[in-house]
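Work through these exercises with the model open beside you. Try each task before you read its solution.

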Amino acid sequence: MSVLGSELASHRFASGLAPGHLDRLAAIASRIEVAAGTRLFDEGGQATSMWLIRAGQIALDLHIPGRNRLIVETLGPGDELGLSWLLPPARWQFGAVAQVGVSAFELGTAAVTGLCESDHELGYQLARRLLGTAVARLQAARIRILDLYAAPSHAVGGTS
Amino acid sequence: MIDCRYPVRYRVSSRLEETHDTVTLTLEPAEDPIAPCRPGQFMMLYSFGVGEIPISVSGAPGQPALTHTIRSVGAVSAALCAAQPGHVIGVRGPFGTSWDHADAAGRDLLLVAGGIGLAPLRPALLAALAQPGRYRRIIVLAGARSPAELVFASEYGQWRERGASVDITVDKADASWPGHVGVVTQLIGRAQLDPHLTTALMCGPEVMMRITGRELTAAGLPAARVWISLERNMQCGIAECGHCQLGPLLLCRDGPVVNFEVAEPLLAVREL
């Protein structure tokens with residue numbers, strides 16, 4: 001089912017893009033529904049898509065031998081899923097599974113890259129948004145490293 | 001008139017283990033009770049022979065019994081956490097400022113908690129839930145270290161049934177955890193807040209409140225409508241000893257609930 005630029009504009013990631021850019025992105029986007037428990041990708045797989053989550057929840061996970069599967073982070077409505085495609089070797093660093101039913105816009109990254117190369121202003125706008133996503137996740141990861149909720153003596157920098 | 005300088009004896013009537021290191025105690029007066037407390041205020045709880053520490057009230061307002069949720073992190077808190085039904089504890093208070101969210105009527109009331117910071121927010125939440133229709137939405141965003149370290153976990157379902165939106169996130173979880181994994185600030189972006197129609201109350205580690213406060217104000221929420229609960233070394237409770245000084249504030253009197261507009265510049269001063 002085709003996607004309208006105005007629909008994309010309602011997503012936090014695409015909000016603020018020029019109407020022409022929204023239309024060009026919408027032309028390569030598809031609307032998908034993912035059932036709970038469906039795995040979108042596995043660690044090490046080729047990264048060829050990105051998703052703009054509209055509803056539901058997706059867990060980024062990692063299998064650790066002897067510790068089963070650990071959830072690295074969860075993503076929800078308004079979030080963008082998929083950053084590994086941006087840089088070589090374009091393989092997924094983590095896996096992704098729908099924890100509940102998920103609605104999203106899916107965009108093939110070859111087409112996204114093509115649009116960016118043919119329209120540098122669109123490329124700049126997308127790069128800013130993707131960098132914002134990466135920075136927000138980096139900052140969140142740094143906060144979690146601080147282990148703020150640990151008992152004072154166990155926290156990083158805590159006293160005895 | 002009870003003199004706040006002297007403890008009033010209360011007897012532990014119930015003890016609930018919230019997590020491996022946190023308990024909720026209900027205390028009934030063993031003599032003339034202290035004055036009623038407001039959500040956000042704290043008491044000085046005295047474990048006789050061990051010492052006294054400040055602990056926020058965590059129960060619904062207007063009850064004769066006191067409810068406190070305590071995490072065992074030192075000698076006094078460990079003694080309080082170990083107190084069994086029938087044990088007598090000294091109580092002084094109530095002290096300090098309370099959550100000020102009268103302006104939230106008709107708007108969204110956002111409560112952001114980190115770890116045991118949910119305890120001081122619980123009385124405000126219960127008061128809000130008892131007034132259906134007073135707020136446009138009641139939104140609870142809470143973070144914890146792991147699912148096993150969530151406090152009041154058995155109540156989230158009731159809060160949702162009574163109309164609150166409750167989103168919980170943890171720092172670490174395995175695949176059996178159906179909730180969010182990440183920091184509580186990440187939930188803010190997904191909550192679709194209208195900054196012009198939101199009043200926020202926050203309690204948790206100071207770094208978490210600093211970051212969350214900045215996130216909320218960056219999203220357009222006026223700092224004057226963000227309230228945080230701060231803690232320093234409260235001792236006397238009556239603004240005489242000065243141990244809880246934070247710049248121009250004595251937090252046992254001017255806090256623990258402080259407006260973010262006032263608090264933010266002070267939180268950035270390393271010497272404080």
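**Exercise 1: Strands across two chains**

Strand 5 of chain A is joined to strand 10 (residues 173-174) of chain B by 2 bridges, and the two strands run antiparallel. This is a predicted model.

Task: Find which residue of strand 10 of chain B stands opposite I71(A).

Solution. Go to I71(A). Look across to strand 10 of chain B. The residue opposite I71(A) is A173(B).

**Exercise 2: The side of chain A that touches chain B**

Task: State how many residues of each chain are in contact, and which element of chain A gives the most.

Solution. 
- Step 1. Count both sides: 23 residues of chain A are in contact with 25 residues of chain B.
- Step 2. List the elements of chain A that each supply at least two residues: strand 4 (58-63), strand 5 (69-75) and helix 4.
- Step 3. Pick the top contributor. Strand 5 of chain A gives the most, with 6 residues.
- Step 4. Sort the side of chain A by class. There are 13 nonpolar, 5 polar and 5 charged residues.

**Exercise 3: Helix 3 of chain A and helix 4 of chain A**

Task: Classify the angle between helix 3 and helix 4 of chain A, then name the residues that meet.

Solution. 
- Step 1. Read the geometry. The axes of helix 3 (residues 109-118) and helix 4 (residues 120-145) of chain A come within 5 Å and cross at roughly 125 degrees.
- Step 2. Classify. That angle makes helix 3 of chain A oblique to helix 4 of chain A.
- Step 3. Name the residues. L115(A), C116(A) and E117(A) of helix 3 meet L122(A), G123(A) and L126(A) of helix 4.
- Step 4. Sort them. The contact holds 4 nonpolar, 1 polar and 1 charged residue.

**Exercise 4: Helix 2 of chain A and helix 3 of chain A**

Solution. 
- Step 1. The axes of helix 2 (residues 19-28) and helix 3 of chain A come within 10 Å and cross at roughly 155 degrees.
- Step 2. Angles over 145 degrees count as roughly antiparallel.
- Step 3. R24(A), L25(A) and I28(A) of helix 2 make the contact with A111(A), V112(A) and L115(A) of helix 3.
- Step 4. By class, this contact has 5 nonpolar residues, no polar ones and 1 charged.

Conventions:
Residues are numbered from 1 along each chain as its sequence is written. Chains are lettered from A and ligands numbered from 1 in the order in which they are written. This is a predicted model: local features need pLDDT of at least 70, side-chain atom pairs count only at pLDDT 80 or more; totals for chains, interfaces and linings use all residues. Axes are lines fitted to C-alpha atoms, for helices over the stretch in contact, and angles run from 0 to 180 degrees between N-to-C directions. Helices (H or I, at least four residues) and strands (E, at least two) are DSSP runs, numbered from the N terminus. Angles under 35 degrees count as roughly parallel, over 145 as roughly antiparallel, 65 to 115 as roughly perpendicular and the rest as oblique. Two residues are in contact if their C-beta atoms, placed from the backbone, lie within 7 Å. Ala, Val, Leu, Ile, Met, Phe, Trp, Tyr, Cys and Pro count as nonpolar, Asp, Glu, Lys and Arg as charged, and the others, Gly among them, as polar. Two strands pair if DSSP finds at least two bridges between them.
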